[in-house]
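Subject: Structure handover and notes

Dear colleague,

Please find the structure below, followed by notes on what was found in it. I would be grateful if you read the two side by side.

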Amino acid sequence: MLAWLYELFEKTNQFMPHGACFLWLPALVRLHVAADTVIGLSYYSIPFALWYLARKRKDILYPWVLSLFATFILLCGTTHLISIWTIWHPDYWFSGLVKLATALVSVLTAVVIWPLIPAILRLPSPETLKNNELYIRAIFNATPDAMLISDKDGVITMVNHRTESLLGYRADELIGQLIEMLVPERFRDNHEILRQKYSDTAAIQHISPERWFVVRCKDGAELDVDISLSPIPTQQGLFFATALRDITERKKIESEVRIAATAFESQEAMMITDKDTKILRVNKAFIDSTGYSAEEVIGKKANLFKSERHDPAFYAAMWASINATGSWQGEVWDKRKNGEAFPKWLTITAVKDSAGRVTHYVSTHIDISKHKAAEEEIKRLAFYDPLTKLPNRRLLLDRLQKTILVKNRTLLHGALLFIDLDNFKVLNDTLGHDKGDQLLQQVAHRLALCVRESDTVARLGGDEFVVMLEGLSNDRDEAYEHTLRVGEKILVTLNQPYFFDTHEHHSSPSIGVTLFKDENAQAEDLLKKADIAMYQAKEDGRNTLRFFDPAMQLSVASRAKMSVDLHKGLQQNQFALFYQPQVDKTGRITGVEALVRWRHPERGLVMPSEFIPLAEESGLIIGLGQWVLETACRQIIAWSDHPLLSQLTIAVNVSIRQFLQPDFTGNVINLLQAIGANPGKLKFELTESLLAQNINEVITKIAVLKAKGIVFSLDDFGTGYSSLYYLKLLQLDQLKIDQSFVKDILVDSNDAAIAKMIIALAESMGLEVIAEGVESEEQRRFLAEIGCYAYQGYLYGKPMPVEQLEASLALQSANASQPSGIAR
C-alpha cells in the first residue's frame, strides 16, 4: 500500500502543469470553466441567504450555526473559482491554502452540528407547531376581552375576534397600523409618551378601576374601556398584549347604583328587608322617624315596629295584597323606639328575581302625624262647637245624610229631636253671657247622658241643640214610642236646676221631633221638619214635645210638580247661564263662575238652591250638567277672539252624580274636541263630598282630565270632611273658601281660624286659594291680610247674563280710573 502511494507521488512529478492537458482540447476547457463558474456563483449566493435569514429571524435556534455553515459554503465556492484561475495561473500554493481552510471549516462545522442534532430532533415538528398555533389562536379569539398584540414601536401585529366586533375594524385594517389609531385625537400625544414610558418598565399593569381609557371605534364612536397591559419578551424583541374590556354597561350600572344610593337617602323613610322580612338596611330618614339607630334594627324582623292599633286581619289583608300584586300602600300605625304610636303612609314593594321569586321587600313611609293633627284641628274647628265640644251643624248634617243612606239598607227608623231652650235670652241679659255659656255647657253634658253612645248630640248655634237617634225599630209605632220616651227623659233632665257659683237657675226646653226612613229624604228637609215641630211646641206653651204634623207632607206634592217642570225645562231650553266674576288682588277679572238659572214660565227666575237638590235626587242633574258644560265651552269659543274676555277661565260646578258617570271623562274630552274649546280655560269645581266616594276613581279621572289641561278647584272647602292625604293625591289647582266662613269672618273667630288654616294648607301644598261670598271691602282686606288674594262675591258683582258681563267689562275698560273691580 505504501509502495503504491510512493509510486503515485513520484509519478505526479511527471504530470504536466495543471490545465496543460486542456490546451489540446479547447472544448473541454470551456466545459470546466462554465461548470466551475456556475458552481462557484451558486455557492456564493447560498451564504448570503443564510446570513440574511439569521439576521431577520430572531426566533431561529442557534443562528451562529447558520453563519458557520454559510462560511463553509462560501469557501467551497471559492475553491471552484480558484480552479478556473489555476488553468492559466498555476498558483498551487494559494489554491492549496484555500482548500485547507475549507477543510478546517468543514471539520469544524461537522463537529458543531452533530452534537446539536439530538436537540434539534427534540424540537416540535412543523405540524405540532401549527397545531399549537391554532390552539393558542383559538384561546386568543375565545377570550371575552378585546386583545391586541403590538411591538415595542406600537405597531399592531395581531388582534382577536372580540376586537373586531367591539371596535368595528377588520383584522387586516388594524394589523400593521400604529395602536394610536384607536386613541381619540385629543389623547394621542399623551398616549405615545405613556406607551414609551411603559415600554421602558415592561411590567404587567392593570389600570385602577377608578380610571378608565377611551378608545375610538371605526365609526368614530368612543367607548370607555378598562385596560390591562402585559409585556411579551421574545427573540424577535419585546411585544405587548393589550386587553380591552368595554365598561359602558358597568359605568351605567355604577351610575344607577349612585342614583339609587342618593334616592335611598331621600326625605322618605326607607327600609330594605330580605324575603323573610329581616331588616338589611335603613336610611337616615327612617332612623329620624322611628328613633332607632341602624345598629338596633338591622338583623331584626320588621314587625319590631308593630303597634297594637291593628288586628291580625289587617296584616293578613296587607300581605295578601303584596303576594297578589307585589305591592301595598295605606295608612298604618307603628311604634317608635320610645313606645309612641304614630301614623304613617306606608308603601311596600316586593323585589323579585328573574324567576319571579321574592328576594327582598322595600318599604317607604311618610310620617303623617302632622297631617293627622292638622286634620283633627280642621275637623275640630269645622265640625265641632268650640264651647260645648259637641258636633256642629255641618257634622250633624253629614252624619244625618249618611244615616239616611244606612236606613235605606237596614229599614230601621231614625229620629231628629230639635231642642230650643225657653227664655234663654233672659239669662244672658240678667246674669251675663258667661253664665249663658255655662248653661249651654251643662245642657250639652245632660243631653249626652240621655242618649246612647251611637246617637248624636249636636249644637246648631245659640241655644239650639239637635239629638239624632239611630237604629230604631222598623215599625213606625215602636220607633215613635222609643223617641217619645227619650224626649220625655230630656224634658225631665233639662228641667233640673242649674247652678252657677251661688246662682241657681231653672230652664226648660221646647222639643220638635220628626221620624225618618225615606231614602230620598234630605238632611236639611228633616231638620226643617223638626224645627217646625219645635215651633209648634213653643206655640203650645213651651216646655213640651211635639212631633212633625204629617200634613206638612203637602210640600212633597209641590216637589213632585217641580220635578215635572224640570223635565220640561230641559226639553224646552228654559235654563240660562249667569256668570259671576272672579278677581285677583288688584281687582282684575281672571275668570268667572258659570251659575245656572231657571227661567220658569210661571215662577220667573228660579235660583239653583230651589231646583238643584231635586235635580240631584231625580237624576236630571246629569242632563242639566251636560248642558251647562256644553254652554260654557261654547262661551269659551265665543270669547276666544274678544280682547277683554279671551283670557278668562270659566268655572263649572260638577255634581258628584255627574262626575262619577263611567263615561264622564270621555264625554268631556269628546265635547272639547268637537267644539274646539281651549281646555286650559275650563275649570271644574268639585265639592268635598266627592272624596267620600270611590277615591281611586276620582283620582284617576282628575288625572286624565288634567292631562288635557283642565283646571280643578275644590269648592266649599272646609264644609265637609276629607282626608288631607287624599287631598294631596287629587292634584288639585285651587281651594275655595266657602262663603259660610267668609260671611262672619270679621266677627266669628272660629270662621277666621278655619279660613287661616285653609290658606296655610293651600300654601303648603302649592295650591291657589279663592274666597267666595266676599261682600265688603273689610272682608276682602282681612282675607288679603291672612294670605288670600283671589275673591268672588257681590263686592265684585252678582251673577249676571253674558250680555251684562260683557257690557260691564267694556265699561270698566273704558273708564280705567274707576275703582278696581267690575261695575256693580
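A residue is called buried here if its relative accessible area is under 20%, exposed if over 50%, and partly exposed in between, with a 1.4 Å probe and protein chains only. This is a predicted model, in which local features need pLDDT of at least 70 and side-chain atom pairs count only at pLDDT 80 or more, while totals for chains, interfaces and linings use all residues. Residues are numbered from 1 along each chain as its sequence is written, and side-chain values use heavy atoms, with hydrogens and water left out.

Val-65 counts as buried because its relative accessibility is 12%. Val-65 lies in helix 3, which covers residues 63-88; helices (H or I, at least four residues) and strands (E, at least two) are DSSP runs, numbered from the N terminus. Between the C-alpha atoms of Val-65 and Leu-50, which are 15 residues apart along the chain, the separation is 9.9 Å.

Turning to the strands, strand 14 (residues 464-469) is mostly covered, with 5 of its 6 residues buried. Strand 14 pairs in the antiparallel sense with strand 12 (residues 414-421) over 6 bridges, where pairing requires that DSSP finds at least two bridges between two strands; in this pairing, Ile-419 stands opposite Phe-465 of strand 14. Strand 13 (residues 456-461) is also antiparallel to strand 14, over 5 bridges, and Val-457 has Val-467 of strand 14 as its bridge partner. Strands 13 and 14 form a hairpin with 2 residues between them, and Gly-462 in the turn has a positive phi of about 55°.

Helix 16 (residues 433-450) and helix 17 (residues 476-494) pack at an angle of about 145°, their axes being 10 Å apart; the axes are lines fitted to C-alpha atoms, for helices over the stretch in contact, and angles run from 0 to 180 degrees between N-to-C directions. The contact (heavy atoms within 4.5 Å) involves Val-443, Arg-446, Leu-447, Leu-449 and Cys-450 of helix 16, together with Val-486, Lys-489, Ile-490, Thr-493 and Leu-494 of helix 17.

Finally, the cysteines: Cys-450 counts as buried because its relative accessibility is 7%, and Cys-217 counts as buried because its value is 6%. With a disulfide taken as a pair of cysteine sulfur atoms within 2.5 Å, the count comes to 0 disulfides.

With best regards
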